[in-house]
4 protein chains.
Amino acid sequence: MPLDAFKAQVLEANLATVRHGLVTATFGNASGIDRTSGLIAIKASGVPYDEMTADHMVLCDLEGRPHDNRLNPSSDLETHLVLYRAFPGIGAVIHTHSTFATIMAQVRRPIIPLGTTHADYFHGEIPVTRDLEPEEIRDRYVQATGEVIVEAFRGRDPLEVPAVLVAGHGPFVWGRTPGEAVLNAVILEEVAKMAWHAQALVPATEPISQTLLDHHYKRKHGAEATYGQK
Amino acid sequence: MPLDAFKAQVLEANLATVRHGLVTATFGNASGIDRTSGLIAIKASGVPYDEMTADHMVLCDLEGRPHDNRLNPSSDLETHLVLYRAFPGIGAVIHTHSTFATIMAQVRRPIIPLGTTHADYFHGEIPVTRDLEPEEIRDRYVQATGEVIVEAFRGRDPLEVPAVLVAGHGPFVWGRTPGEAVLNAVILEEVAKMAWHAQALVPATEPISQTLLDHHYKRKHGAEATYGQK
Amino acid sequence: MPLDAFKAQVLEANLATVRHGLVTATFGNASGIDRTSGLIAIKASGVPYDEMTADHMVLCDLEGRPHDNRLNPSSDLETHLVLYRAFPGIGAVIHTHSTFATIMAQVRRPIIPLGTTHADYFHGEIPVTRDLEPEEIRDRYVQATGEVIVEAFRGRDPLEVPAVLVAGHGPFVWGRTPGEAVLNAVILEEVAKMAWHAQALVPATEPISQTLLDHHYKRKHGAEATYGQK
Amino acid sequence: MPLDAFKAQVLEANLATVRHGLVTATFGNASGIDRTSGLIAIKASGVPYDEMTADHMVLCDLEGRPHDNRLNPSSDLETHLVLYRAFPGIGAVIHTHSTFATIMAQVRRPIIPLGTTHADYFHGEIPVTRDLEPEEIRDRYVQATGEVIVEAFRGRDPLEVPAVLVAGHGPFVWGRTPGEAVLNAVILEEVAKMAWHAQALVPATEPISQTLLDHHYKRKHGAEATYGQK
């Protein structure tokens, strides 16, 4: 992909998180990867969203080596890199502190599939990572954050459940493209809000059946999807 | 009704659900029926709301036979058809995943009439369907969704209680016209929000009396209605 | 006051309730009284807010005798009249179904003064009326609604606590002027929201002390008020 | 700083509290201090936010002696003065009745650090003051409000925890500059909202570890901060 188009796409993902109400202040960051060139673009650190342009998208490779040196990348870059290396099918990563997803991360409660809203985008429970050890926090915090995410996805397909709650922190969300990652981040916040309210009113609310979960997910995803236009 | 005016009305109902904050992403769909011609118009599947025009309203008959072939209808079309066949008095159907109505569907709690806001539009409890059986989900999910709605309305007048919560899924709402269905969908979300909060604070909140329910409902509906202008 | 200015003021009060998010659909109505002429202006019944003009303000006297005959007044007119007759110091009445005030009316819980936000506008608990008797609902519902409000204010000064929650229905709010009534309706919704959340988290939350209640109220009201400019 | 620029900065802080949804009606006030000249600028009392200009910023010195006499300062001026005298490192003070911070002040529950959103801006628990004594309320309410804040910060660094909840009243927030104080007020409301929801769902939610609190705080603050651009 031409570099300008790539940066524009990642910029748009960053701005979309704000438009969708997922961001307070400068919390959050979105990145994308061009798997052909191996280049990653991510928001620069601490740039106010209302001044952000494509030039604030910082480029580096999968090991974090800068492609240019003008600006510091987001302080969460290392987490994104771990995810891009571990999940080869993903093309974009978004981190936010969106309200209800963050609350569920604070109470360390996975978001179980309570309805078809969840099933349309997430094929199963959205997990919570374990807490980081003190040494992990002190020595390699940002990278370790990526590692506990990867750990939480052992035995899970990150493309079928494209989100995680980092304990005591907030959500990381991904997708095949920046646009898909934005959509997943929006739906995550909505299902987190619904799960909070369902469980606050009826603590023992049961998840939907595996049959309904599978059926709804497969209407929108995979070879047999029937949703949308040809 | 001329076809253009009919499609415009159904388009407007789809767009109104978004304007009223009842829709996240592309969840939801609105349809209308012209009882004279027997034609149904429904949103095409997966069309982004901000690009939607009257040309995205797909036409078919009561058995779902397409009137034209350009676009796939909403994946929920069969549910709408079951409702139009079973409830001859209705002229429009709207499905959303509006937040609080969906939460109440997830916890499978009917919305009982706790106040006059409810009574002004719904003459009694808004029911929850039973869960679908695994075979129903696998073999004929969309149609079966319509059937459990009809089942939940045995002994109820669908025009007096123009909404239902499909268990683990979300609300379906209807009305004599697309505009009426939109209004009912808006009020449903508001009374669902009120019921959630009333019951979360005071679990044993009592419904209003049958006398107050009847009185408020009949001020706005039926032969003796006194509300509005002549 | 010239009739045109009077109607414009009452129109503005009706529109302000919508701007402040206190109104869903066409719920709610605002009226004003010109105590010199004895004329009351109130919103016509069922007029959509986005088409409302000063010409939709219907005039009548304190007994409800129409000053002109073009439009039906709000179906809640009789309640307003009872309040104007019983509370001679008030100049405007507003009825809404604003979300949290209505929820508190549904659970029949008075809003006790939990903070200075309350104390700045309401000098004590905002009461809930008793439920109407079936005969009252059937025979003279709208007038009886006014009467149970007046009953709830025995021993209270309606200008010091300018709001009430009608059980199972919603709030009525008033003030010396339409603008003051709008402000009271806005603050009522905010203190109802705060009281709901305070009591949901800590059911036994204590009200602020009488000393703090008095002090804050008197900073803004009465002969010794120090708030604002001379 | 030139007086015009100073007033413009304080005006902007007042307007920003409204833009960020922290203010209902005319609740709240923002001030700033020019430590070189010793001048303080604060919002005039009772001015509607939509008519507010730099000329409504009233000037006085650290003892409250007016620099000019046109308008009454905010009725909370004395509280601001106490804070400026006790906390020499701060350059601005903001008081709001923002919804969730006020609710936590009403239930007298400190906001403990439940997540990194909190840790990025507040290096520890946000305390609640004690209740004022009746004599304090009657004799010197506004000044005593400042004094109980200072009391609550014995053993705390006001620049590391730039906010407090005044029991039964609402938050006071500060910062090195008016812009920083606005940001702290926005984040406070968000962490208060998150804490309310976390604790309502899981009452025993544990704070994050001291290690994680320190690490996140120090990424953004102090000599070793790595956040943002050089």
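I began with terms: helices (H or I, at least four residues) and strands (E, at least two) are DSSP runs, numbered from the N terminus. Two strands pair if DSSP finds at least two bridges between them.

I note that this is a predicted model, in which local features need pLDDT of at least 70 and side-chain atom pairs count only at pLDDT 80 or more, while totals for chains, interfaces and linings use all residues. Residues are numbered from 1 along each chain as its sequence is written, chains are lettered from A and ligands numbered from 1 in the order in which they are written, and side-chain values use heavy atoms, without hydrogens and water.

**Entry 1: the sheet of chain D**

I looked up the bridge partner of D:I42 and found D:V58, in strand 3 of chain D. Strand 2 (residues 39–43) and strand 3 of chain D run antiparallel and are joined by four bridges. I recall that strands of a sheet pair through backbone hydrogen bonds, either parallel or antiparallel.

I then traced the open sheet of six strands in chain D, whose order is 3-2-1-4-6-5, with antiparallel pairing. Strand 3 (57–60) and strand 5 (163–166) of chain D are its edge strands, each pairing on one side only.

**Entry 2: the contact of chains C and B**

I counted 31 residues from chain C and 32 residues from chain B in the contact (heavy atoms within 4.5 Å). The two chains bury about 2700 Å² between them, 59% of it on carbon and sulfur atoms. Buried area is the accessible area (1.4 Å probe) that two parts lose on being put together, summed over both. On the side of chain C, the residues losing the most area to chain B are C:F27, C:Q106 and C:W196, together 21% of what that side buries.

I found one salt bridge between chain C and chain B; the term requires a side-chain nitrogen of Lys or Arg within 4 Å of a carboxyl oxygen of Asp or Glu. C:D76 forms this bridge with B:R219, with the closest N and O atoms 3.5 Å apart. Helix 3 (99–106), helix 5 (134–152) and helix 6 (178–201) of chain C each supply at least two residues of the side that touches chain B. Helix 3 of chain C gives the most, with six residues.

**Entry 3: the relation of the copies**
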